[in-house]
There are 4 protein chains.
Amino acid sequence: MWFSSDNAAPAAPAVLEALARANEGPAGSYGADPWTARATALVREIFEAPEAVVLPVVTGTAANSLALATLCPPWAAICCHEHAHVQEDECGAPIFYTGGATLWLIPGAHARIDPEALERRLAQACHAGVHNVQRGAVTVTQATELGTLYRPADLRRIADIAGAWDLPLHMDGARFANAAARLGVSPAELTWKAGVQALSLGATKNGALGVEAVVFFGEEAERRGWEFELRRKRGGHLLSKMRYASAQLAAWLEDGLWLELAARANAAADRLAEGLRASGLAQIPHPVEANMVFPTLPRAVHARLQAAGARYYPWPHEPAPDGPDDEPIGCRLVCAWNTADEDIDAFLAALRG
Amino acid sequence: MWFSSDNAAPAAPAVLEALARANEGPAGSYGADPWTARATALVREIFEAPEAVVLPVVTGTAANSLALATLCPPWAAICCHEHAHVQEDECGAPIFYTGGATLWLIPGAHARIDPEALERRLAQACHAGVHNVQRGAVTVTQATELGTLYRPADLRRIADIAGAWDLPLHMDGARFANAAARLGVSPAELTWKAGVQALSLGATKNGALGVEAVVFFGEEAERRGWEFELRRKRGGHLLSKMRYASAQLAAWLEDGLWLELAARANAAADRLAEGLRASGLAQIPHPVEANMVFPTLPRAVHARLQAAGARYYPWPHEPAPDGPDDEPIGCRLVCAWNTADEDIDAFLAALRG
Amino acid sequence: MWFSSDNAAPAAPAVLEALARANEGPAGSYGADPWTARATALVREIFEAPEAVVLPVVTGTAANSLALATLCPPWAAICCHEHAHVQEDECGAPIFYTGGATLWLIPGAHARIDPEALERRLAQACHAGVHNVQRGAVTVTQATELGTLYRPADLRRIADIAGAWDLPLHMDGARFANAAARLGVSPAELTWKAGVQALSLGATKNGALGVEAVVFFGEEAERRGWEFELRRKRGGHLLSKMRYASAQLAAWLEDGLWLELAARANAAADRLAEGLRASGLAQIPHPVEANMVFPTLPRAVHARLQAAGARYYPWPHEPAPDGPDDEPIGCRLVCAWNTADEDIDAFLAALRG
Amino acid sequence: MWFSSDNAAPAAPAVLEALARANEGPAGSYGADPWTARATALVREIFEAPEAVVLPVVTGTAANSLALATLCPPWAAICCHEHAHVQEDECGAPIFYTGGATLWLIPGAHARIDPEALERRLAQACHAGVHNVQRGAVTVTQATELGTLYRPADLRRIADIAGAWDLPLHMDGARFANAAARLGVSPAELTWKAGVQALSLGATKNGALGVEAVVFFGEEAERRGWEFELRRKRGGHLLSKMRYASAQLAAWLEDGLWLELAARANAAADRLAEGLRASGLAQIPHPVEANMVFPTLPRAVHARLQAAGARYYPWPHEPAPDGPDDEPIGCRLVCAWNTADEDIDAFLAALRG
């Protein structure tokens, strides 16, 4: 009963097998190998973007930070949701990689940036000219940190607001697959067609051992790609045996596996949410649109779950150690590509007591 | 006939198999898993250093840069050999991670730092006080970039010079295994017993898919380890599914595999060097002490080798496109854990024409 | 009728004359001169801090940023008021100088940090360990950006909260003189006796041409002072002809001139505030405790003032270009050491129409 | 008998008087004042460059570092002479401001970059693509750190070499006035007409209290100027009471004062060099072309000079404390705008014993 994170899950068998296949004989290093070429070709095809530049790294933090550093100068600000991963969980990596950019925290329900709040923030900025941090870039997380989604029109709205100030739009797609699988919309429509210029496409949480691809779209893709390559090397993120990262990526994208794995994780979250609702014990304050559920449960129920061996994190904060049995306490439950119905059902059984 | 780099080689079967074994069920993320604990225990045991802090990352550039950032403040200098990897092949990564430290380039035959030159450089430094970059740290590469070795007494001499200025000694051990296998000296004697306080222990070039461990020794290990952890996270180098890096590392260290693989690569280099010498066509200006040979060959011989499909790099520079047949041109030949005798013999046959 | 800023005012005659006196003959550079020694001695005497290290720079931004960089590592956060100068008006300089620290914005009425909000922020921080930006330092502005003051007990409260997490307390004292003059409390009681470990002591706004001194107090003063010296040099803030900065500083501190000048600016603000209140046209939402008044006035009154040639900034934002005559619009009026009663009276006359 | 540095000299009377005149009444801050406008106009006129952007700061280190940061990205290298001030005396400031650029040290006699060595260095660079620090910019010092000069043709040669790789050329003109006064060549011919795109124009060493202007020439001046403004603010180098820096600069440039002061310093160096040569006691290994002489004198002569109260630095290094009387020891003698003939003659008399 592990619902702590999708990164607690193992890799999908097809991804692991690809590693074994890639382990034959010598190969060019630093990306000069057929697996890297194949991964690039797959991303271009799937995103209908023949000009896209595709650059693998091993963590989402690296993908986001390096991409944002390519988009935003040191003296400017990146607008992100106030609970975005780049703000809350990367120990300042985007600040480090940009050379000192600022994060402007934009509110918004369900971890989605409120377009009006973004518009206001950008309009109010820089009233003192050179004395102020300048406008730099906008980043959204898809699926969001609360397991909700932006529709193409939502993204377009944000891209237009950014574009009015000539700012690029980046997407932290650590769970992009979950979004794409759920919405049934083409990857192109969820990215460059909606104004996204750079995507961190995450495979790690969804069946890989550890690989994310930064994808640059559009006219500036080549220029940004080269700058990214220099920053990636300089950040120690250029893998000598790149084939092993690329082979994962290629296997994950091949034949729609990435969407299939994501759909399984999403379905698991649906089953879990349904069970929680049916139990009459849970409040679920956010729409369940990806592979995560954030129920509020009475303290006593948490105690039962933990006693039964369920693993998950309280959310958004660790609760006080003591309190009344009926005190509502939030938590985060994350399903993965391999979350078994049995585990969900065991969790729900433990929940009901 | 691939002699271009040891990172063109695949992973050793035992390492790959360990990945498959690590792929069972859920595991704690970010290092809270049994494989990471096992890798740490193995390093501590092998290096006879129960206090050592062991921190895996995926590239040597990351290992070196993050370690050096922990040892050297932004306003100071890292003394390295003038042809060190940190200087020549990391696109300034140590400068980036330290926040702007300088590299002081120390000469020395066969890519080994000349202790007297180091001593002089440190003594002359900082004569203008606050106006000068300060003394910061010393780093050596073992085996060196020219495939030569430091003996324990060589290291102790350098550590003492560094210590006289209160500077820590770091070792870039991308090919530490090759050194340890060749010298038949204990890992402890090659590191902390000789004054090394931080080691980048490389597995990637020697049979892993991609993992290096930074090891801090001694009294400051814990403090430095925690600072390293923050820098690693901030650099995007903390893996969520750490188990896959650690499983590689553990399998590589288990039962002396790392030394066995390195010994094979070293023996291949010996066979190659012997054949080169026997051919009467090659000059070999540097001792062959690890898994690399740097012969100088006539231009016509290079043409023959390339026609036969041999892959390797000219060294230290790309030669002019044209020249006389007997023009001596240097090159680098790197053997790996899996370099086959057949490949060496085919190379030598092509060489002889 | 200039009320735009205290930095629009000229230098006090005694400060300018000191420059002329310092212009005799040769002098040691980079601070090895008698004026720098004198300035240090005066600060130590006035602050009753014989161990204090005193380091002049030419701007408040440099003073704050360099001091904070000495107190807070790159991976940590500086707690400041959400409208602090370091956050709003320094284009990210503290982020640049710290190498990427974050600013945590703490609310609080009248631009004073609310101690409970600070306590909560610090307690909630770092719940995800290495994934989070760490706690780093706390900074307060005295007088605040809204012209209000912290009493010694307010400072002690904040220092204790910081101290509970082992965080140093910095004070941006761009208008420290105004605070000290108003409160009639000793400089020691307003700084180190209340827990302040580093002070940016500003003279520029209060009668100098351009000089601020960073003062480190306490046991760590010497160590921090040397690190600051290296950072100052590296930031291009070590003046070769330091005598001219130090001579300003010494003249400003000599015989209580600094407090006298500040008292004049404070009195001017009092006179202005009184006139504003008496006019019946102004709301003054913040206590007038230093040399600034932030009245809200009807749009039509602003028009009258501007027509009469009064210079000042709307506050906190530029108003819309059009609106009803009675629309309340805020502004900032800053008095300087040389603000003339005639100017205040002329302003008030124009205000009344 | 102060020959330690031109920054040990006081300010010229006309510059000091300009400060007094600038001290009348209120003025716009941060450069929105008539003195800044006047300084800009003067630079544009004197350099025949109506498009030039002129940005004052208070130190040469700031001028150089901020200018170079605008010209060179973090992952690239700045080619400078191996004994350039940016390399030897700025504690790594250019590295700090660029965000981690490298300095490539080019040899050359008399502290002038050897064009062929520069050409070779640039040609050899980047043979390993993304693994290498990239080519970034070139900087020359005029007059050099050894008091020698580049003629326009020398500069053009270097600019052409830089231009072949699309690199901008910066000039550290801490003693540009000395060069211009000596060569009798127009400022334009010594800068933009010879290919210089950015100049650090130093006034501090030549009669100011403390001001240097960064001047950007050519088509990119405006874009670079704005980036510089952001970097300057962020570096804490934007002065609130800018009028005092600009008034110095304007007074120094007005009516050719800057050239007159420099000519005086140059003439003093000539007189000193002549006396040294006539004494038969000195070797002078470098041409005396600006305001500095670097004689080699017997140890016993140094002892006499020091006993007589002469102040200067040994060069390039502190000698051993003891040695034979006739041991030749180098030193640096710097003349300033106010170096008196009497002082030179007294120095020479002491020298002769």
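This tour moves from the symmetry of the chains to the nonpolar cores and then to the aromatic rings. The model is predicted.

**Stop 1: chains A and C**

Select chain A and chain C. A rotation of 180° superposes chain A on chain C, with 0.0 Å of shift along the axis and an RMSD of 0.0 Å. The two copies are thus related as by a two-fold rotation axis. To find that axis from chain A, go to G100(A). Its C-alpha is the one in chain A nearest the axis, at 2.5 Å.

Now colour the interface residues of both chains. Of those in chain A, 100% are also interface residues in chain C, so the copies meet through the same surface.

**Stop 2: the nonpolar cores**

Which residues touch the most other members of the largest nonpolar core? Select W252(C) and W252(D): they hold that place in a core of 204 residues.

Stay on W252(D) and show its contacts. Leaving out residues up to four places away in sequence, W252(D) touches V15(D), A177(D), L201(D), G202(D), A203(D), N206(D), L257(D), W258(D) and L261(D).

Another core lies apart from the largest one and has 200 residues. To locate this other core, select A250(A), I158(B), F176(B) and A62(D), which are among its members.

**Stop 3: aromatic pairs**

Over all chains, the count comes to 42 aromatic pairs. Two are worth a look.

Start with F3(B) and F347(B). Their ring centres are 5.0 Å apart and their planes stand at 65°, so the pair is edge-to-face; the angle cut-off for that class is over 60 degrees. This pair links distant parts of the chain, 344 residues apart. F3(B) is in the segment before α1 (13–22) of chain B, while F347(B) is in helix α13 (residues 341–352) of chain B. Buried or exposed? F3(B) counts as buried, at 0% relative accessibility. F347(B) counts as buried at 0% relative accessibility.

Next, select F96(D) and Y97(D). The centres of these rings are 5.2 Å apart, with the planes at 65°, so this pair is edge-to-face. F96(D) and Y97(D) are buried.

**Stop 4: rings in chain A**

Return to chain A. Select F47(A), F176(A), F217(A), W252(A) and W258(A) together: they form one aromatic cluster.

Finish with two arginines. Where does the charged end of R121(A) sit? Over the ring of W104(A), 4.1 Å from the ring centre. Then move to R135(A), whose charged end sits over the ring of W165(A), 3.7 Å from the centre of that ring.

Methods. Residues numbered from 1 in each chain as written. Chains lettered and ligands numbered in written order. Predicted model: local features only at pLDDT ≥ 70, side-chain atom pairs only at ≥ 80, totals over all residues. Heavy atoms only, no water. Core = buried A, V, L, I, M, F, W, Y, C linked by side-chain atoms within 4.5 Å. Buried < 20%, exposed > 50% of the residue type's maximum accessible area, 1.4 Å probe, protein only. Contact = heavy atoms within 4.5 Å. Least-squares fit on C-alpha atoms with pLDDT ≥ 70 in both. Phe/Tyr/Trp six-rings, centres within 6.5 Å; stacked < 30°, edge-to-face > 60°. Helix = DSSP H or I, 4+ residues; strand = E, 2+ residues; numbered from the N terminus. Lys NZ or Arg CZ within 6 Å of the ring centre and 35° of its normal.
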